[in-house]
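Q: Could you take a close look at one helix pair for me, and at the residues around it?

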Amino acid sequence: EIHAEVQLKNYGKFLEEYTSQLKRIEDALDDSVGDVWDFSLDPIALKLLPYEQSSLLELIKTENKVLNKVITVYAALCCEIKKLKYEAETKFYNGLLFYGEGATDSSMVEGDCQIQMGRFVSFLQELSCFVTRCYEVVVNVVHQLAVLYTSNK
């Protein structure tokens, strides 16, 4: 019985020392541990990505002025295509995909189809202008590639 009490006291001392040691470690790591995002505790998080502050013209610098101009034209066309792709994805895809969804022919009152189509006309006008702009950009890309291919310089 005395031996068990001694062992229990030794175990209690060990737990107190271990707890204080863990507390010191936790306090030492408190600054770095607090920065970690916990999915269960934090409802939102910020995703910070590096932002390139150099302009396109600063990145395209060679000693050959003709090459600079050619690369600048193609880089500008690539940026324009990227913007058009983003605009198509954010502005037009959903409107085209979901037009007329959610309502059945039996649930629509007389004239609702015409009202829905009337509201869709402005969207179609914007889409027409967008398609025209895409066509102009593609024609420009093809012309630039043709000039580059047939150029003797």
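A: Here's a walk through the helix pair, then a methionine and the cysteines. Bear in mind that this is a predicted model, where local features need pLDDT of at least 70, side-chain atom pairs count only at pLDDT 80 or more, and totals for chains, interfaces and linings use all residues. Residues are numbered from 1 along each chain as its sequence is written, and side-chain values use heavy atoms, with hydrogens and water left out.

Helix α4 covers residues 65-98, and α5 covers residues 112-150 (helices are DSSP runs of H or I, at least four residues, numbered from the N terminus). The two pack at about 155°, with axes 10 Å apart (axes are lines fitted to C-alpha atoms over the stretch in contact, and angles run from 0 to 180 degrees between N-to-C directions). That makes α4 roughly antiparallel to α5, a label for angles over 145 degrees. Their contact involves 18 nonpolar, three polar and five charged residues (Asp, Glu, Lys and Arg count as charged; Ala, Val, Leu, Ile, Met, Phe, Trp, Tyr, Cys and Pro as nonpolar; the others, Gly among them, as polar).

Methionine 117 sits in α5. Leaving aside neighbours within four places in sequence, methionine 117 is in contact with Tyr99 and Leu124 (contact means heavy atoms within 4.5 Å). Methionine 117 and tyrosine 99 are 18 residues apart in sequence, and 9.3 Å apart from C-alpha to C-alpha. Methionine 117 is partly exposed, at 36% relative accessible area (buried is under 20%, exposed over 50%, partly exposed in between, with a 1.4 Å probe and protein chains only).

As for cysteines, there are zero disulfides (pairs of cysteine sulfur atoms within 2.5 Å). For cysteine 78, the nearest cysteine sulfur is that of cysteine 79, 7.1 Å away. Cysteine 78 is exposed at 51%, while cysteine 134 is partly exposed at 23%.

Definitions and conventions: Angles under 35 degrees count as roughly parallel, over 145 as roughly antiparallel, 65 to 115 as roughly perpendicular and the rest as oblique.
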